[in-house]
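Here is a short briefing on one protein chain. Look at the fold first, then at the details below.

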Amino acid sequence: MSGTEGDTGIGLLPRDGGAPARLSEVVYDGIVTLIAQGDFALNSRLPSEAELSERFGASRPVVREALGRLRQDGLVVSRQGSGSYVRRQPDLAVLRFAQVRSLADVQRCFEFRAGLESVAASLAAERWEPADLKQIEDALEALERCLGNGELGADEDQRFHEAIARATRNPYHVAVQSSLASHIAVGMNITRHLSRMRTPERIRAVQDEHVAIVDAIRRRDAGAAAEAMRRHVLNARQRMFEGV
């Protein structure tokens, strides 16, 4: 199996604790790499499941699982009776910023956060006290300063989301946010690095998403806060795979 993995440039990626990534995630990462490198061109048909299985040294069910996740993340699309086609080609830079762990794992974290943090934003809108709102607004101002100074702002972004979790007045939201901190940081670093490579208008649009969340929380509009947060996290997930 080591020979076929070498063909993709991706082996079993170590996690923080040293455990290998799931094989379907290795295949996922390998296909993303080949798409980003242009080996699988935009709008081209991917090799068959059997061919991918041979290439990655993995079973067809493993390849099928990887392709399913790629479809969920909008990179490929299936055409009945014809196979899978490349729908989006991410920038090669995403590979530089995602060397530590599996891209598939990062995407699943975004998926989980979209539900978790939308609920947190809703509760924060209903329950915030003046000290909570000040922490959220201070975090937003720190992000604005980073934008003006051309700084990455990943730490400030994380503090923003943590402040919202605290404003829920629910220790479980705070605990889950804390336990996911290292995973969330990886996704934030990737998307914020990539955003800095885009136009100033795109960078401003990302900050405007934060502003919309705070505005809804400040107005105690729980529904709007939940939707603004859900949209922000899913947009961040999508921005990770923007490219040519």
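How many helices and strands does the chain have? The chain has 12 helices and 2 strands. Helices (H or I, at least four residues) and strands (E, at least two) are DSSP runs, numbered from the N terminus. This is a predicted model, in which local features need pLDDT of at least 70 and side-chain atom pairs count only at pLDDT 80 or more, while totals for chains, interfaces and linings use all residues. Residues are numbered from 1 along each chain as its sequence is written, and side-chain values use heavy atoms, with hydrogens and water left out.

**Whole chain**

- From the N terminus, the order of elements is α-α-α-α-β-β-α-α-α-α-α-α-α-α.
- Of the 244 residues, 50% count as buried (under 20% relative accessible area; exposed is over 50%, partly exposed in between; 1.4 Å probe, protein chains only).
- Contact means heavy atoms within 4.5 Å. Among contacts between residues at least 6 apart in sequence, 73% join residues at least 24 apart.
- The accessible surface is about 11200 Å², and 51% of that belongs to carbon and sulfur atoms. Areas come from the Shrake-Rupley method with a 1.4 Å probe; for residues, only the protein chains shown count as cover.

**The hairpin**

- Strands β1 (residues 76-79) and β2 (residues 83-86) pair in the antiparallel sense, over 4 bridges. Pairing requires at least two DSSP bridges between two strands.
- Val-76 has Val-86 of β2 as its bridge partner. For Arg-79, the partner in β2 is Gly-83.
- There are 3 residues between the strands, and Gly-81 takes a positive phi near 80°.

**Helices α8 and α11**

- The axes of α8 (residues 154-167) and α11 (residues 200-218) come within 12 Å and cross at roughly 20°. That makes the two helices roughly parallel (angles under 35 degrees; over 145 is roughly antiparallel, 65 to 115 roughly perpendicular, the rest oblique).
- Axes are lines fitted to C-alpha atoms, for helices over the stretch in contact, and angles run from 0 to 180 degrees between N-to-C directions.
- The crossing of α8 and α11 is left-handed: the near helix is turned anticlockwise from the far one by less than a right angle.
- From α8, Asp-157, Phe-160, His-161 and Ile-164 meet His-210, Ile-213, Val-214 and Ile-217 of α11.

**Arg-239**

- Arg-239 sits in helix α12 (residues 222-239).
- Is Arg-239 buried or exposed? Its relative accessible area is 8%, so Arg-239 is buried.
- Beyond neighbours within four places in sequence, Arg-239 is in contact with Leu-194, Ser-195, Arg-202, Val-206, Glu-209 and His-232.
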